[in-house]
Amino acid sequence: MSIQILIPTPLRQFTSNLESVAVEGNSVGEALKNLCVKYSALQKHLYSDDGKLRNFVNVYLNDEDIRYLQKESTPISDKDVVSIIPSIAGGNI
Amino acid sequence: MLKLSKEAFESIRKHGEQAFPHECCGVLLGKLNGEQRVVEEVFAIENKFDEAERYHRFLITPDNYREAEKVARAKKVDIIGFYHSHPDSPSVASKYDLDHAFPWFSYVIVSIMKNKYHDIHSWIMENDRSKFTEENFTIE
């Protein structure tokens, strides 16, 4: 099925400036993987070298953080909207 | 090129000094004008990192980010980037900053030495995540 993924401002340069991208997938993880197949430059910003979602990349299914659902295995239906929401962290040393 | 109003600069400076010895953090709101990023307003965000680590860490949560997006939409501006302080440390982006950065955003860092403003710089991460590059900016 096809669902919409909302792209945050800093990553839109990698999605032809699209705010929303339609991708296929039966789970959040599949949809995100297909997003990275479609727009390969996103891969390094969403996933670390070991293939895990970066911990400052938050993924919401509608209004819920998938960490509190079934993480990347969370199933999706065609009315769902997946959002990529940054958390901003840093500091000295 | 990042253009910071005097009011925005003063807000960042004061926030850094008030938060010392902890790091402060906040959002830069503004508009893109060709190659220039014009910061029209900044607003402070409570540092949500564990208190014991706030002397060298800051965190803006996804909920904070979504609230900032709502504010930006209401004001018809964009989130241009973020600011934070480095207490008793230079205003140079660190490895930890790099590991946690998003591309495109301006990362303004203010150095606070012994409770007082020292200097300020802005950084943008390269798209290959290899490093931060200093961004020219003006205070007007």
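Is B:Cys24 buried or exposed, and what is its relative accessible area? In this predicted model, B:Cys24 is buried, and its relative accessible area comes to 2%.

As for confidence, the model as a whole scores ipTM 0.91 and pTM 0.95, while chain B has an average pLDDT of 96, with 100% of its residues scoring at least 70.

**Cysteines of chain B**

When the whole structure is searched over all chains, zero disulfides are found. For B:Cys24, the closest cysteine sulfur is that of B:Cys25, and because the two sulfurs lie 6.8 Å apart, they are too far from each other for a bond, given that a disulfide requires sulfur atoms within 2.5 Å. B:Cys25, in turn, takes part in no disulfide, its nearest cysteine sulfur being that of B:Cys24. The table sets out the accessibility of these two residues.

| Residue | Relative accessibility | Class |
|---|---|---|
| B:Cys24 | 2% | buried |
| B:Cys25 | 0% | buried |

**Two strands of chain A**

In chain A, strand β1, which covers residues 2-6, pairs with β2(A) in the antiparallel sense, and the pairing runs over five bridges. One of the residues involved is A:Leu6, whose bridge partner in β2(A) is A:Ser20.

Strand β2 of chain A, made up of residues 20-24, has side chains that alternate between two faces.

Notes: Residues are numbered from 1 along each chain as its sequence is written. Chains are lettered from A and ligands numbered from 1 in the order in which they are written. This is a predicted model: local features need pLDDT of at least 70, side-chain atom pairs count only at pLDDT 80 or more; totals for chains, interfaces and linings use all residues. Side-chain values use heavy atoms; hydrogens and water are left out. pLDDT is the predictor's confidence in each residue, from 0 to 100. Buried means under 20% relative accessible area, exposed over 50%, partly exposed in between (1.4 Å probe, protein chains only). Helices (H or I, at least four residues) and strands (E, at least two) are DSSP runs, numbered from the N terminus. Two strands pair if DSSP finds at least two bridges between them.
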